[in-house]
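Take a look at the structure below. The report that follows covers a helix, a pair of domains and a chain contact.

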Amino acid sequence: MMTFIFPGQGSQQKGMGGTLFDEFKELAVKADEILGYSIKKLCLEDASQQLSQTRFTQPALYTVNALSYLRKIKETGKKPDYVAGHSLGEYSALFAAGVFDFETGLKIVQKRGLLMSQAAGGGMAAVIGLNEGKIEAIIKENSLTSIGIANYNSPSQIVISGPKTDIGGAGTCFEKAGAHYIPLNVSGAFHSRYMQSSKATFEEFLKSFTFEELAIPVISNIHARPYKQSEIGRNLADQITHSVKWTESIRYLMGLGEMTFEEIGPGKVLTRLIQAIQRDSEPLAGRDDARGPGV
Amino acid sequence: MFSGQGSQYYQMGRELFEHHTVFRKWMFLLDDIVRDLMGESVLLPVYDQERQRTGPFVHVRHTHPAIFMVEYSLAQVLLESGIEPDYLLGSSLGEFASAALAGIMRVEDLLKAVLKQAECFETYCEKGGMLAVIHDTALYNATPLIHENSELASISYDSHFVVSGETEKLKQIERYLKNGNILFQCLPVTYGFHSSYIDPAAPAFNKYLQQKSCQTPRIPFVSCLSGTLMPDVPTDYLWKVVRRPIQFPKAIRELENGRDCIYLDLGPGGTLANFAKRNFVGESNSESHAVMTLFNQDIKNLEKIKGLFPAKISF
(Lines give C-alpha, C1' and ligand atoms only; values in the text may rest on other atoms or scores of the structure.)
Protein backbone atom coordinates (compact mmCIF):
# COMPACT_ATOMS: atom_id res chain seq x y z
CA MET A 1 0.00 0.00 0.00
CA MET A 2 1.06 3.54 -0.69
CA THR A 3 0.59 6.68 1.39
CA PHE A 4 1.33 10.11 -0.02
CA ILE A 5 2.43 12.59 2.64
CA PHE A 6 2.40 16.37 2.23
CA PRO A 7 4.81 18.68 4.08
CA GLY A 8 3.73 21.70 6.11
CA GLN A 9 5.32 24.85 7.42
CA GLY A 10 9.08 24.47 7.83
CA SER A 11 9.57 22.72 4.48
CA GLN A 12 9.35 25.83 2.30
CA GLN A 13 12.40 26.79 0.36
CA LYS A 14 13.19 29.33 -2.30
CA GLY A 15 13.02 27.67 -5.71
CA MET A 16 10.28 25.26 -4.70
CA GLY A 17 7.84 24.33 -7.42
CA GLY A 18 10.39 24.83 -10.20
CA THR A 19 8.66 24.31 -13.53
CA LEU A 20 5.28 23.37 -11.97
CA PHE A 21 3.86 26.87 -12.41
CA ASP A 22 4.44 26.70 -16.17
CA GLU A 23 3.30 23.10 -16.40
CA PHE A 24 -0.02 23.92 -14.64
CA LYS A 25 -0.33 27.46 -15.94
CA GLU A 26 -4.12 27.67 -15.63
CA LEU A 27 -4.04 26.83 -11.93
CA ALA A 28 -1.09 29.16 -11.34
CA VAL A 29 -3.07 32.00 -12.95
CA LYS A 30 -6.07 31.20 -10.73
CA ALA A 31 -3.80 31.18 -7.69
CA ASP A 32 -2.46 34.63 -8.65
CA GLU A 33 -6.02 35.93 -8.93
CA ILE A 34 -7.02 34.59 -5.52
CA LEU A 35 -3.85 35.70 -3.77
CA GLY A 36 -3.30 39.01 -5.53
CA TYR A 37 0.36 38.33 -6.19
CA SER A 38 2.43 36.03 -8.38
CA ILE A 39 2.79 32.66 -6.68
CA LYS A 40 5.56 31.74 -9.11
CA LYS A 41 7.61 34.81 -8.23
CA LEU A 42 7.07 34.24 -4.51
CA CYS A 43 8.28 30.63 -4.69
CA LEU A 44 11.10 31.04 -7.19
CA GLU A 45 12.46 34.51 -6.45
CA ASP A 46 11.18 35.54 -3.03
CA ALA A 47 12.62 38.99 -3.65
CA SER A 48 11.05 40.50 -0.49
CA GLN A 49 11.89 37.59 1.85
CA GLN A 50 8.25 36.74 2.41
CA LEU A 51 8.35 33.00 1.87
CA SER A 52 9.03 32.25 5.54
CA GLN A 53 6.22 34.50 6.78
CA THR A 54 3.23 32.38 7.76
CA ARG A 55 0.79 34.48 5.70
CA PHE A 56 2.77 33.67 2.52
CA THR A 57 4.25 30.28 3.48
CA GLN A 58 0.90 28.56 3.80
CA PRO A 59 -0.62 29.38 0.39
CA ALA A 60 2.76 28.83 -1.28
CA LEU A 61 3.25 25.37 0.21
CA TYR A 62 -0.34 24.37 -0.44
CA THR A 63 0.02 25.35 -4.09
CA VAL A 64 3.36 23.59 -4.60
CA ASN A 65 2.11 20.44 -2.84
CA ALA A 66 -1.11 20.38 -4.86
CA LEU A 67 0.65 20.89 -8.19
CA SER A 68 3.29 18.29 -7.25
CA TYR A 69 0.46 15.88 -6.59
CA LEU A 70 -1.19 16.60 -9.94
CA ARG A 71 2.10 16.07 -11.72
CA LYS A 72 2.66 12.82 -9.86
CA ILE A 73 -0.77 11.50 -10.86
CA LYS A 74 -0.23 12.64 -14.44
CA GLU A 75 3.08 10.78 -14.58
CA THR A 76 2.01 7.55 -12.90
CA GLY A 77 -1.73 7.47 -13.47
CA LYS A 78 -2.02 5.90 -10.03
CA LYS A 79 -3.63 7.30 -6.91
CA PRO A 80 -2.36 6.47 -3.42
CA ASP A 81 -4.26 4.26 -0.97
CA TYR A 82 -3.95 6.83 1.85
CA VAL A 83 -2.95 10.45 2.21
CA ALA A 84 -1.80 12.51 5.17
CA GLY A 85 -0.26 15.95 5.61
CA HIS A 86 1.61 17.63 8.41
CA SER A 87 -0.43 20.54 9.84
CA LEU A 88 -0.90 22.85 6.82
CA GLY A 89 0.01 19.84 4.65
CA GLU A 90 -3.31 18.28 5.68
CA TYR A 91 -5.04 20.68 3.27
CA SER A 92 -3.02 19.24 0.38
CA ALA A 93 -4.04 15.76 1.53
CA LEU A 94 -7.71 16.82 1.55
CA PHE A 95 -7.29 18.31 -1.92
CA ALA A 96 -5.80 15.01 -3.11
CA ALA A 97 -8.76 13.19 -1.57
CA GLY A 98 -11.15 15.37 -3.60
CA VAL A 99 -12.72 17.12 -0.61
CA PHE A 100 -12.36 20.49 -2.35
CA ASP A 101 -10.98 21.75 -5.64
CA PHE A 102 -7.66 23.58 -5.88
CA GLU A 103 -9.14 27.09 -5.71
CA THR A 104 -11.41 26.36 -2.75
CA GLY A 105 -8.53 24.83 -0.83
CA LEU A 106 -6.34 27.82 -1.59
CA LYS A 107 -8.99 30.27 -0.34
CA ILE A 108 -9.28 28.36 2.93
CA VAL A 109 -5.51 28.13 3.34
CA GLN A 110 -5.10 31.81 2.56
CA LYS A 111 -7.50 32.66 5.39
CA ARG A 112 -5.84 30.19 7.74
CA GLY A 113 -2.39 31.62 7.00
CA LEU A 114 -3.62 35.15 7.56
CA LEU A 115 -5.33 34.33 10.87
CA MET A 116 -2.38 32.37 12.18
CA SER A 117 0.07 35.10 11.20
CA GLN A 118 -1.95 37.55 13.29
CA ALA A 119 -1.34 35.54 16.45
CA ALA A 120 1.32 37.52 18.31
CA GLY A 121 3.33 37.07 21.48
CA GLY A 122 3.68 33.32 21.06
CA GLY A 123 6.62 31.12 20.34
CA MET A 124 7.59 27.58 19.44
CA ALA A 125 10.67 25.44 19.88
CA ALA A 126 11.79 22.00 18.77
CA VAL A 127 13.08 19.70 21.49
CA ILE A 128 15.30 17.05 19.97
CA GLY A 129 16.57 13.95 21.72
CA LEU A 130 13.91 13.47 24.41
CA ASN A 131 10.75 11.39 24.25
CA GLU A 132 7.24 12.52 25.06
CA GLY A 133 7.30 11.21 28.64
CA LYS A 134 10.52 13.01 29.51
CA ILE A 135 9.28 16.26 28.01
CA GLU A 136 6.03 16.07 29.94
CA ALA A 137 8.00 15.36 33.11
CA ILE A 138 10.26 18.37 32.56
CA ILE A 139 7.23 20.59 31.92
CA LYS A 140 5.69 19.38 35.18
CA GLU A 141 8.82 19.49 37.36
CA ASN A 142 9.59 23.04 36.29
CA SER A 143 5.95 24.19 36.45
CA LEU A 144 6.08 25.33 32.84
CA THR A 145 2.29 25.43 32.92
CA SER A 146 1.92 27.75 29.94
CA ILE A 147 3.83 25.40 27.63
CA GLY A 148 2.23 22.54 25.73
CA ILE A 149 3.19 20.03 23.09
CA ALA A 150 2.29 21.30 19.61
CA ASN A 151 3.72 18.55 17.40
CA TYR A 152 4.64 14.96 18.04
CA ASN A 153 6.95 14.82 15.03
CA SER A 154 8.89 11.66 15.85
CA PRO A 155 9.73 9.73 19.01
CA SER A 156 12.69 12.03 19.57
CA GLN A 157 11.53 15.27 17.96
CA ILE A 158 8.77 17.17 19.69
CA VAL A 159 7.76 20.78 19.14
CA ILE A 160 6.43 22.79 22.07
CA SER A 161 4.53 26.07 22.02
CA GLY A 162 3.52 28.77 24.47
CA PRO A 163 3.98 32.45 25.28
CA LYS A 164 7.11 33.83 23.64
CA THR A 165 8.91 34.69 26.89
CA ASP A 166 8.19 31.28 28.41
CA ILE A 167 9.46 29.47 25.31
CA GLY A 168 12.58 31.62 25.44
CA GLY A 169 13.14 30.84 29.10
CA ALA A 170 12.45 27.10 28.97
CA GLY A 171 15.45 26.20 26.85
CA THR A 172 17.83 25.53 29.73
CA CYS A 173 15.39 23.12 31.41
CA PHE A 174 15.44 20.90 28.33
CA GLU A 175 19.10 21.36 27.56
CA LYS A 176 19.99 20.28 31.10
CA ALA A 177 18.24 16.99 30.32
CA GLY A 178 20.47 16.55 27.28
CA ALA A 179 18.11 17.86 24.59
CA HIS A 180 18.95 19.99 21.63
CA TYR A 181 16.63 23.04 21.83
CA ILE A 182 15.83 24.97 18.66
CA PRO A 183 13.51 28.00 18.92
CA LEU A 184 11.52 28.39 15.69
CA ASN A 185 11.03 31.52 13.68
CA VAL A 186 7.32 32.05 14.25
CA SER A 187 5.24 34.66 16.09
CA GLY A 188 2.38 32.45 17.29
CA ALA A 189 2.02 29.51 19.65
CA PHE A 190 0.54 27.26 16.94
CA HIS A 191 -1.47 24.18 17.92
CA SER A 192 -2.12 25.47 21.43
CA ARG A 193 -4.83 27.06 23.56
CA TYR A 194 -3.34 30.48 22.67
CA MET A 195 -4.73 30.14 19.15
CA GLN A 196 -8.32 30.10 20.40
CA SER A 197 -9.37 33.40 18.81
CA SER A 198 -7.84 32.46 15.42
CA LYS A 199 -9.72 29.20 15.63
CA ALA A 200 -13.04 30.86 16.41
CA THR A 201 -12.78 33.23 13.44
CA PHE A 202 -11.65 30.40 11.18
CA GLU A 203 -14.54 28.22 12.28
CA GLU A 204 -16.99 30.94 11.27
CA PHE A 205 -15.23 31.34 7.94
CA LEU A 206 -15.40 27.59 7.22
CA LYS A 207 -19.18 27.59 7.61
CA SER A 208 -19.57 29.05 4.11
CA PHE A 209 -17.94 25.97 2.53
CA THR A 210 -19.30 22.53 1.76
CA PHE A 211 -17.04 19.54 1.41
CA GLU A 212 -17.16 16.79 -1.20
CA GLU A 213 -16.97 13.06 -0.46
CA LEU A 214 -13.58 11.76 0.67
CA ALA A 215 -12.32 9.71 -2.28
CA ILE A 216 -9.14 8.59 -0.48
CA PRO A 217 -8.86 8.08 3.29
CA VAL A 218 -7.11 11.07 4.92
CA ILE A 219 -5.38 10.50 8.26
CA SER A 220 -6.17 13.47 10.51
CA ASN A 221 -3.47 15.16 12.55
CA ILE A 222 -5.53 15.62 15.66
CA HIS A 223 -6.98 12.08 15.83
CA ALA A 224 -4.25 10.07 14.05
CA ARG A 225 -7.15 8.17 12.46
CA PRO A 226 -9.05 8.57 9.17
CA TYR A 227 -11.18 11.67 8.70
CA LYS A 228 -14.92 11.25 9.05
CA GLN A 229 -16.96 12.91 6.34
CA SER A 230 -19.30 14.60 8.82
CA GLU A 231 -16.46 16.17 10.82
CA ILE A 232 -14.29 17.78 8.16
CA GLY A 233 -15.03 21.39 9.06
CA ARG A 234 -14.80 20.86 12.79
CA ASN A 235 -11.60 18.95 12.38
CA LEU A 236 -9.95 21.73 10.41
CA ALA A 237 -10.91 24.32 13.00
CA ASP A 238 -9.79 22.12 15.90
CA GLN A 239 -6.43 21.46 14.26
CA ILE A 240 -5.41 25.08 14.95
CA THR A 241 -5.58 24.60 18.72
CA HIS A 242 -4.72 20.89 18.95
CA SER A 243 -1.48 18.92 18.79
CA VAL A 244 -0.34 17.35 15.54
CA LYS A 245 -0.06 13.63 16.30
CA TRP A 246 2.32 12.84 13.47
CA THR A 247 4.11 9.94 15.13
CA GLU A 248 0.84 8.21 15.96
CA SER A 249 -0.55 8.89 12.47
CA ILE A 250 2.43 7.16 10.88
CA ARG A 251 2.27 4.30 13.38
CA TYR A 252 -1.41 3.87 12.51
CA LEU A 253 -0.56 3.67 8.81
CA MET A 254 2.29 1.24 9.53
CA GLY A 255 -0.21 -0.94 11.34
CA LEU A 256 -2.41 -1.30 8.26
CA GLY A 257 0.13 -3.56 6.56
CA GLU A 258 3.11 -3.22 4.25
CA MET A 259 3.16 0.55 3.72
CA THR A 260 5.31 2.74 1.49
CA PHE A 261 5.43 6.49 2.08
CA GLU A 262 6.16 9.06 -0.56
CA GLU A 263 6.59 12.73 0.24
CA ILE A 264 4.86 14.97 -2.30
CA GLY A 265 6.10 18.56 -2.19
CA PRO A 266 9.36 20.35 -1.43
CA GLY A 267 12.15 18.76 0.60
CA LYS A 268 12.39 15.58 2.61
CA VAL A 269 11.57 16.76 6.13
CA LEU A 270 8.67 14.32 6.61
CA THR A 271 10.53 11.44 4.98
CA ARG A 272 13.25 11.74 7.60
CA LEU A 273 10.68 11.93 10.40
CA ILE A 274 9.07 8.76 9.07
CA GLN A 275 12.43 6.99 8.91
CA ALA A 276 12.92 7.85 12.58
CA ILE A 277 9.39 6.72 13.49
CA GLN A 278 9.85 3.42 11.63
CA ARG A 279 13.18 2.89 13.38
CA ASP A 280 12.15 3.81 16.90
CA SER A 281 8.54 2.76 17.27
CA GLU A 282 6.15 -0.07 16.57
CA PRO A 283 3.15 -0.11 14.22
CA LEU A 284 -0.16 0.37 16.04
CA ALA A 285 -1.73 -3.04 16.34
CA GLY A 286 -4.74 -3.88 14.21
CA ARG A 287 -7.05 -1.66 12.31
CA ASP A 288 -8.46 0.45 15.05
CA ASP A 289 -10.51 3.31 13.73
CA ALA A 290 -12.01 4.05 17.09
CA ARG A 291 -10.82 7.12 18.87
CA GLY A 292 -9.62 7.47 22.39
CA PRO A 293 -11.59 9.56 24.86
CA GLY A 294 -11.56 13.29 24.27
CA VAL A 295 -9.06 15.18 22.21
CA MET B 1 31.95 18.15 -4.82
CA PHE B 2 33.75 14.87 -5.27
CA SER B 3 37.46 14.65 -5.99
CA GLY B 4 39.35 11.95 -7.84
CA GLN B 5 42.66 10.11 -7.85
CA GLY B 6 45.41 11.84 -5.92
CA SER B 7 43.22 13.04 -3.06
CA GLN B 8 43.38 9.73 -1.16
CA TYR B 9 45.52 8.66 1.81
CA TYR B 10 45.57 5.90 4.38
CA GLN B 11 43.09 6.36 7.28
CA MET B 12 40.95 8.77 5.24
CA GLY B 13 37.60 9.25 6.96
CA ARG B 14 38.79 7.18 9.91
CA GLU B 15 37.18 9.41 12.53
CA LEU B 16 33.82 9.20 10.75
CA PHE B 17 34.24 5.47 10.33
CA GLU B 18 34.77 5.05 14.07
CA HIS B 19 32.17 7.49 15.34
CA HIS B 20 29.45 7.98 12.74
CA THR B 21 27.00 5.11 12.33
CA VAL B 22 25.67 6.19 8.93
CA PHE B 23 29.17 6.52 7.49
CA ARG B 24 30.21 3.17 8.89
CA LYS B 25 27.03 1.47 7.69
CA TRP B 26 27.63 2.57 4.09
CA MET B 27 31.34 1.75 4.18
CA PHE B 28 30.52 -1.81 5.24
CA LEU B 29 27.70 -2.15 2.70
CA LEU B 30 29.94 -1.03 -0.14
CA ASP B 31 32.84 -3.13 1.11
CA ASP B 32 30.60 -6.19 0.93
CA ILE B 33 30.10 -5.50 -2.78
CA VAL B 34 33.86 -5.14 -3.26
CA ARG B 35 34.50 -8.39 -1.40
CA ASP B 36 31.94 -10.26 -3.48
CA LEU B 37 33.61 -9.11 -6.64
CA MET B 38 37.32 -8.92 -5.76
CA GLY B 39 37.52 -11.48 -3.02
CA GLU B 40 39.19 -8.97 -0.71
CA SER B 41 38.18 -6.07 1.49
CA VAL B 42 39.12 -2.46 0.75
CA LEU B 43 38.49 -1.38 4.34
CA LEU B 44 41.35 -3.53 5.61
CA PRO B 45 44.10 -1.77 3.65
CA VAL B 46 42.54 1.70 4.03
CA TYR B 47 42.29 1.45 7.81
CA ASP B 48 45.39 -0.73 8.32
CA GLN B 49 46.76 0.40 11.72
CA GLU B 50 50.31 -0.02 10.46
CA ARG B 51 49.86 2.65 7.82
CA GLN B 52 50.58 6.33 8.36
CA ARG B 53 48.26 8.95 6.91
CA THR B 54 51.21 10.50 5.14
CA GLY B 55 52.47 7.26 3.59
CA PRO B 56 51.70 6.89 -0.13
CA PHE B 57 48.44 4.98 -0.77
CA VAL B 58 48.74 4.11 -4.44
CA HIS B 59 47.40 0.69 -5.46
CA VAL B 60 44.64 1.54 -7.89
CA ARG B 61 42.65 -1.63 -7.08
CA HIS B 62 42.33 -0.25 -3.54
CA THR B 63 42.42 3.51 -4.07
CA HIS B 64 39.81 3.55 -6.84
CA PRO B 65 37.03 1.89 -4.82
CA ALA B 66 38.17 3.50 -1.55
CA ILE B 67 37.80 7.04 -2.88
CA PHE B 68 34.35 6.23 -4.23
CA MET B 69 33.32 4.61 -0.95
CA VAL B 70 34.35 7.43 1.40
CA GLU B 71 32.77 10.03 -0.86
CA TYR B 72 29.47 8.22 -1.26
CA SER B 73 29.29 7.37 2.46
CA LEU B 74 29.97 10.96 3.47
CA ALA B 75 27.27 12.14 1.07
CA GLN B 76 24.85 9.81 2.87
CA VAL B 77 25.89 11.36 6.19
CA LEU B 78 25.00 14.82 4.91
CA LEU B 79 21.71 13.67 3.41
CA GLU B 80 20.79 12.06 6.69
CA SER B 81 21.48 15.38 8.42
CA GLY B 82 19.05 17.06 6.05
CA ILE B 83 21.72 18.71 3.91
CA GLU B 84 20.64 18.16 0.32
CA PRO B 85 22.57 19.36 -2.69
CA ASP B 86 21.10 21.75 -5.25
CA TYR B 87 23.93 20.72 -7.59
CA LEU B 88 26.46 17.92 -7.80
CA LEU B 89 30.00 18.45 -9.08
CA GLY B 90 32.43 15.63 -9.69
CA SER B 91 36.01 15.77 -10.85
CA SER B 92 37.70 12.80 -12.53
CA LEU B 93 37.03 9.61 -10.53
CA GLY B 94 34.86 11.80 -8.24
CA GLU B 95 32.31 11.89 -11.04
CA PHE B 96 31.40 8.30 -10.12
CA ALA B 97 30.19 9.23 -6.64
CA SER B 98 28.50 12.29 -8.11
CA ALA B 99 26.74 10.06 -10.67
CA ALA B 100 25.61 7.71 -7.91
CA LEU B 101 24.03 10.61 -6.00
CA ALA B 102 22.37 11.86 -9.19
CA GLY B 103 20.87 8.42 -9.80
CA ILE B 104 22.61 8.05 -13.17
CA MET B 105 23.23 4.42 -12.21
CA ARG B 106 22.64 2.45 -9.06
CA VAL B 107 25.40 2.86 -6.48
CA GLU B 108 26.33 -0.83 -6.68
CA ASP B 109 26.64 -0.62 -10.47
CA LEU B 110 28.87 2.42 -10.21
CA LEU B 111 31.07 0.75 -7.62
CA LYS B 112 31.37 -2.26 -9.91
CA ALA B 113 32.33 0.08 -12.77
CA VAL B 114 35.00 1.63 -10.52
CA LEU B 115 36.43 -1.83 -9.82
CA LYS B 116 36.28 -2.76 -13.50
CA GLN B 117 38.09 0.43 -14.43
CA ALA B 118 40.84 -0.24 -11.89
CA GLU B 119 41.20 -3.76 -13.28
CA CYS B 120 41.53 -2.40 -16.83
CA PHE B 121 44.30 -0.02 -15.74
CA GLU B 122 46.19 -2.84 -14.05
CA THR B 123 45.74 -5.19 -17.01
CA TYR B 124 46.46 -2.93 -19.94
CA CYS B 125 48.37 0.18 -18.87
CA GLU B 126 52.03 0.94 -18.32
CA LYS B 127 52.81 2.56 -15.01
CA GLY B 128 53.08 6.33 -15.06
CA GLY B 129 52.49 9.28 -12.83
CA MET B 130 51.12 12.77 -12.30
CA LEU B 131 52.70 16.00 -11.11
CA ALA B 132 50.88 19.00 -9.71
CA VAL B 133 52.73 22.21 -10.52
CA ILE B 134 52.02 25.23 -8.38
CA HIS B 135 52.82 27.94 -10.85
CA ASP B 136 51.28 30.16 -13.54
CA THR B 137 49.58 27.77 -15.96
CA ALA B 138 51.30 29.52 -18.90
CA LEU B 139 54.43 27.71 -17.83
CA TYR B 140 53.18 24.53 -19.48
CA ASN B 141 52.99 25.86 -23.03
CA ALA B 142 56.02 28.08 -22.59
CA THR B 143 58.32 25.26 -21.53
CA PRO B 144 59.18 22.61 -24.15
CA LEU B 145 60.80 20.39 -21.53
CA ILE B 146 57.45 20.18 -19.78
CA HIS B 147 54.99 19.96 -22.67
CA GLU B 148 57.17 17.61 -24.73
CA ASN B 149 57.48 15.18 -21.84
CA SER B 150 53.93 15.18 -20.50
CA GLU B 151 50.29 15.87 -21.26
CA LEU B 152 48.24 18.54 -19.52
CA ALA B 153 45.70 16.71 -17.36
CA SER B 154 44.07 19.53 -15.51
CA ILE B 155 44.12 23.20 -14.69
CA SER B 156 42.91 23.63 -11.12
CA TYR B 157 43.17 27.43 -10.97
CA ASP B 158 45.33 30.05 -12.57
CA SER B 159 48.47 29.04 -10.70
CA HIS B 160 47.98 25.29 -10.32
CA PHE B 161 48.02 22.66 -13.03
CA VAL B 162 48.59 18.92 -13.28
CA VAL B 163 50.55 16.96 -15.89
CA SER B 164 50.55 13.26 -16.66
CA GLY B 165 53.22 11.09 -18.15
CA GLU B 166 55.72 8.28 -18.01
CA THR B 167 57.65 7.96 -14.80
CA GLU B 168 61.08 8.64 -16.33
CA LYS B 169 59.94 11.69 -18.25
CA LEU B 170 58.23 13.10 -15.18
CA LYS B 171 61.54 12.77 -13.33
CA GLN B 172 63.12 15.07 -15.91
CA ILE B 173 60.35 17.59 -15.35
CA GLU B 174 60.83 17.33 -11.60
CA ARG B 175 64.53 18.10 -11.95
CA TYR B 176 63.75 21.08 -14.14
CA LEU B 177 61.20 22.43 -11.67
CA LYS B 178 63.52 21.90 -8.73
CA ASN B 179 66.30 23.83 -10.45
CA GLY B 180 63.87 26.63 -11.20
CA ASN B 181 62.62 26.70 -7.60
CA ILE B 182 59.12 26.00 -8.79
CA LEU B 183 56.84 24.24 -6.29
CA PHE B 184 55.40 20.91 -7.34
CA GLN B 185 53.91 17.79 -5.84
CA CYS B 186 53.99 14.18 -7.04
CA LEU B 187 50.47 12.83 -6.80
CA PRO B 188 50.06 9.42 -5.15
CA VAL B 189 49.07 7.68 -8.39
CA THR B 190 50.80 5.05 -10.50
CA TYR B 191 49.12 5.80 -13.84
CA GLY B 192 49.04 8.88 -16.03
CA PHE B 193 45.32 9.61 -15.78
CA HIS B 194 43.79 12.14 -18.19
CA SER B 195 46.37 11.38 -20.87
CA SER B 196 46.97 9.04 -23.80
CA TYR B 197 49.07 6.87 -21.46
CA ILE B 198 45.90 5.19 -20.25
CA ASP B 199 44.38 4.69 -23.72
CA PRO B 200 45.25 0.97 -23.75
CA ALA B 201 42.55 0.47 -21.10
CA ALA B 202 39.88 2.18 -23.22
CA PRO B 203 38.62 -0.68 -25.42
CA ALA B 204 38.04 -3.11 -22.57
CA PHE B 205 36.41 -0.55 -20.29
CA ASN B 206 34.23 0.96 -23.02
CA LYS B 207 33.09 -2.51 -23.99
CA TYR B 208 32.05 -3.02 -20.36
CA LEU B 209 30.19 0.31 -20.37
CA GLN B 210 28.24 -0.60 -23.48
CA GLN B 211 26.25 -3.11 -21.44
CA LYS B 212 25.20 -0.34 -19.05
CA SER B 213 22.67 2.38 -19.46
CA CYS B 214 22.69 5.82 -17.91
CA GLN B 215 19.58 7.48 -16.47
CA THR B 216 18.84 11.17 -16.55
CA PRO B 217 20.37 12.91 -13.50
CA ARG B 218 17.80 13.51 -10.75
CA ILE B 219 19.85 16.33 -9.26
CA PRO B 220 21.34 19.07 -11.48
CA PHE B 221 24.65 17.61 -12.48
CA VAL B 222 27.77 19.59 -13.33
CA SER B 223 30.64 17.63 -14.82
CA CYS B 224 34.31 18.55 -15.10
CA LEU B 225 34.27 16.63 -18.38
CA SER B 226 32.40 19.47 -20.09
CA GLY B 227 32.61 22.04 -17.32
CA THR B 228 28.86 22.54 -17.71
CA LEU B 229 25.50 21.34 -16.47
CA MET B 230 24.74 18.00 -18.11
CA PRO B 231 21.04 17.25 -18.64
CA ASP B 232 22.05 13.80 -19.90
CA VAL B 233 25.20 11.71 -19.88
CA PRO B 234 26.45 9.49 -22.70
CA THR B 235 27.36 5.86 -21.95
CA ASP B 236 31.09 6.41 -22.50
CA TYR B 237 30.98 9.25 -20.00
CA LEU B 238 32.52 7.13 -17.22
CA TRP B 239 35.57 6.58 -19.38
CA LYS B 240 35.91 10.14 -20.63
CA VAL B 241 35.89 11.57 -17.10
CA VAL B 242 39.23 9.89 -16.34
CA ARG B 243 40.70 10.29 -19.84
CA ARG B 244 39.84 13.85 -20.93
CA PRO B 245 41.30 16.94 -19.23
CA ILE B 246 39.55 18.13 -16.04
CA GLN B 247 37.75 21.42 -16.57
CA PHE B 248 37.33 22.47 -12.97
CA PRO B 249 37.49 26.30 -13.35
CA LYS B 250 34.86 26.17 -16.09
CA ALA B 251 32.60 24.06 -13.87
CA ILE B 252 32.92 26.58 -11.04
CA ARG B 253 32.13 29.43 -13.43
CA GLU B 254 29.00 27.54 -14.49
CA LEU B 255 27.91 27.21 -10.85
CA GLU B 256 28.84 30.74 -9.76
CA ASN B 257 27.08 32.50 -12.65
CA GLY B 258 25.83 35.38 -10.52
CA ARG B 259 24.91 33.11 -7.58
CA ASP B 260 26.46 32.65 -4.20
CA CYS B 261 27.01 28.99 -3.46
CA ILE B 262 28.18 26.88 -0.57
CA TYR B 263 30.63 24.31 -1.92
CA LEU B 264 31.15 21.20 0.17
CA ASP B 265 34.14 19.03 -0.70
CA LEU B 266 33.20 15.43 0.12
CA GLY B 267 36.49 14.05 -1.18
CA PRO B 268 39.15 12.78 1.20
CA GLY B 269 41.76 15.48 0.69
CA GLY B 270 39.95 18.79 0.86
CA THR B 271 41.70 19.77 -2.38
CA LEU B 272 38.57 20.79 -4.25
CA ALA B 273 37.47 23.05 -1.39
CA ASN B 274 40.74 24.90 -1.86
CA PHE B 275 40.57 24.89 -5.67
CA ALA B 276 36.99 26.20 -5.60
CA LYS B 277 38.02 29.19 -3.45
CA ARG B 278 40.82 29.95 -5.88
CA ASN B 279 38.27 30.17 -8.67
CA PHE B 280 35.91 32.64 -6.96
CA VAL B 281 36.10 36.02 -8.60
CA GLY B 282 35.04 39.59 -7.87
CA GLU B 283 31.99 40.02 -5.71
CA SER B 284 31.34 36.34 -5.04
CA ASN B 285 30.10 35.64 -1.52
CA SER B 286 30.41 31.93 -2.08
CA GLU B 287 32.10 29.77 0.50
CA SER B 288 33.83 26.45 0.36
CA HIS B 289 34.38 23.79 3.04
CA ALA B 290 35.91 20.36 3.43
CA VAL B 291 34.92 17.59 5.85
CA MET B 292 37.70 15.04 5.50
CA THR B 293 41.26 16.31 5.65
CA LEU B 294 44.65 14.89 6.50
CA PHE B 295 44.37 16.63 9.87
CA ASN B 296 41.83 14.29 11.41
CA GLN B 297 39.13 16.87 12.20
CA ASP B 298 36.32 15.17 10.29
CA ILE B 299 33.68 15.31 13.03
CA LYS B 300 34.49 18.89 13.99
CA ASN B 301 34.34 19.95 10.34
CA LEU B 302 31.07 18.11 9.87
CA GLU B 303 29.50 19.87 12.86
CA LYS B 304 30.65 23.23 11.53
CA ILE B 305 29.07 22.48 8.16
CA LYS B 306 25.80 21.36 9.78
CA GLY B 307 25.72 24.77 11.46
CA LEU B 308 25.61 26.44 8.04
CA PHE B 309 22.29 24.78 7.28
CA PRO B 310 19.53 25.52 9.80
CA ALA B 311 17.51 22.48 10.81
CA LYS B 312 14.17 22.19 9.08
CA ILE B 313 11.43 21.50 11.58
CA SER B 314 7.78 20.95 10.71
CA PHE B 315 5.35 22.83 12.90
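**A covered helix**

Helix 2 (21–38), helix 4 (60–80), helix 5 (94–102), helix 10 (202–210) and helix 11 (237–243) of chain B are among what covers the buried residues of helix 6 of chain B. Helices (H or I, at least four residues) and strands (E, at least two) are DSSP runs, numbered from the N terminus. Contact means that the C-beta atoms of two residues, placed from the backbone, lie within 7 Å.

The model is predicted: local features need pLDDT of at least 70, side-chain atom pairs count only at pLDDT 80 or more, and totals for chains, interfaces and linings use all residues. Residues are numbered from 1 along each chain as its sequence is written, while chains are lettered from A and ligands numbered from 1 in the order in which they are written.

Which residues of helix 6 of chain B are buried? They are V107(B), L110(B), L111(B), A113(B), V114(B), Q117(B), A118(B), C120(B) and F121(B). Buried means 20 or more other C-beta atoms within 10 Å of the residue's own, with C-beta atoms placed from the backbone.

**Two domains in chain B**

An automatic or database domain assignment gives chain B domain 1 (14–125 + 193–308) and domain 2 (129–186). Their contact takes 12 residues from domain 1 of chain B and 11 residues from domain 2 of chain B. On the domain 1 side, helix 12 (248–256) and helix 13 (271–278) of chain B each supply at least two residues.

The centres of these two domains of chain B, taken over C-alpha atoms, are 24 Å apart.

**Between the chains**

Chain A puts 22 residues in contact with 7 residues of chain B. Strand 3 (122–128), strand 4 (148–154) and helix 12 (269–280) of chain A each give two or more residues to that side of chain A.

Methods. A residue is buried if 20 or more other C-beta atoms lie within 10 Å of its own, exposed if 12 or fewer, and partly exposed in between; C-beta atoms are placed from the backbone.
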